[in-house]
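Subject: Structure handover

Hello,

Here is the structure I promised to pass on. Please open it alongside this note.

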Amino acid sequence: MGKWFDRASPTYRCVIDPTHQISSLFGWVSVPSAVWIDEEGRIVRSNEGTYPAPMTIGFGLGKVRVGDHAFARATRDWIERGAESEHVWSRSELAERLKPVDDDTRLAEATFRLALHFEAVGDSERAWRHFTATQQLAPDNWNYLRQGWTHKGTIYASLKVLARTSYLRKNTDTSYYDPMGLPGENNRRYIEPDWLWTPAVRRIKQLLRR
């Protein structure tokens, strides 16, 4: 991450959170995620996928199209109008958005912390065993999934991300992030993977339909 920060020459504080402590405190299940905090220190939106524009992220043999302009437009509106922005949540709306915490959630977090500990001390076998247990306890937490997959290497993790997004797109209504409920949002973009062979397969399908 260091080279990205150096290249951007940021004028604000940047925090690197390799063990997802902030994510766990806020109840986020994927990164990047964002929280809006107003001048009074109150959270007025939280737990949202934040890409400022459409983009493509490469994962080894494939790529995933993510993002749209909806979040950036809403953020600008909030900056200009403050509490009068229609995108600011009430306390009840914020409470509804928070992920429920149950026994499995607590056990998953504790198991995840153990996995990170064993990884840090070089005990790969026990780290992987705990990462796997964490994923079974909280299968919808992308932070747990990706961190565990990365323990097996970047290529392995990339293939698992693409495989899971492909499964979600074909078999469920679930996406990488929960819908934000913003005008012009295309939430399904987060699970539209393209493999290296996807363009050729798409072309063959077009020819067959003709």
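First, a term for the counts below: Ala, Val, Leu, Ile, Met, Phe, Trp, Tyr, Cys and Pro count as nonpolar, Asp, Glu, Lys and Arg as charged, and the others, Gly among them, as polar. Note also that this is a predicted model.

The lining has 36 residues, and Gly-27, Trp-28, Val-29, Lys-99 and Asn-141 are the closest to the centre. Four helices, α2, α5 (103-120), α7 and α8, each supply at least two residues of that lining.

The largest pocket holds about 1500 Å³ of space. It is lined by 35 residues, with Met-1, His-20, Val-31, Pro-32 and Arg-146 closest to its centre. By class, that lining has 19 nonpolar, 11 polar and 5 charged residues. Helices and strands both take part: α1 (2-8), α2 (21-26), β1 (33-37), β3 (55-59), α7 (142-151) and α8 (154-171) each give at least two residues. Which element gives the most to this lining? The answer is α7, with 5 residues.

Cores

The largest nonpolar core has 13 residues. Within this core, Trp-142 and Trp-149 touch the most other members. β4 (62-66), α7 and α8 each supply at least two of its residues. The largest share, 4 residues, comes from α8.

Take a look at Trp-149. Leaving aside residues up to four places away in sequence, Trp-149 touches Gln-135, Trp-142, Tyr-156, Ala-157, Lys-160, Val-161 and Arg-164. Another core, of 10 residues, lies apart from the largest one. Its members include Ala-34, Ala-74, Val-88 and Met-180.

The β3–β4 hairpin

β3 and β4 run antiparallel and are joined by 5 bridges. Met-55 stands opposite Val-66 in β4. The two strands form a hairpin with 2 residues between them. In the turn, Gly-60 has a positive phi of about 60°.

Which residues of β4 point to the buried face, and which to the other? Gly-62, Val-64 and Val-66 point to one face and are buried.

Best wishes

Definitions and conventions: Residues are numbered from 1 along each chain as its sequence is written. This is a predicted model: local features need pLDDT of at least 70, side-chain atom pairs count only at pLDDT 80 or more; totals for chains, interfaces and linings use all residues. Side-chain values use heavy atoms; hydrogens and water are left out. On a 1 Å grid over the protein atoms alone, a cavity is a set of points where a 1.4 Å probe fits but cannot get out, and a pocket is an open set with protein on both sides within 12 Å along at least five of seven lines; lining residues have an atom within 4 Å of a point. Grid points are joined across faces, edges and corners, and a volume is the space filled by probe spheres set on the points. A nonpolar core is a set of buried Ala, Val, Leu, Ile, Met, Phe, Trp, Tyr and Cys residues joined through side-chain atoms within 4.5 Å. Buried means under 20% relative accessible area, exposed over 50%, partly exposed in between (1.4 Å probe, protein chains only). Contact means heavy atoms within 4.5 Å. Two strands pair if DSSP finds at least two bridges between them.
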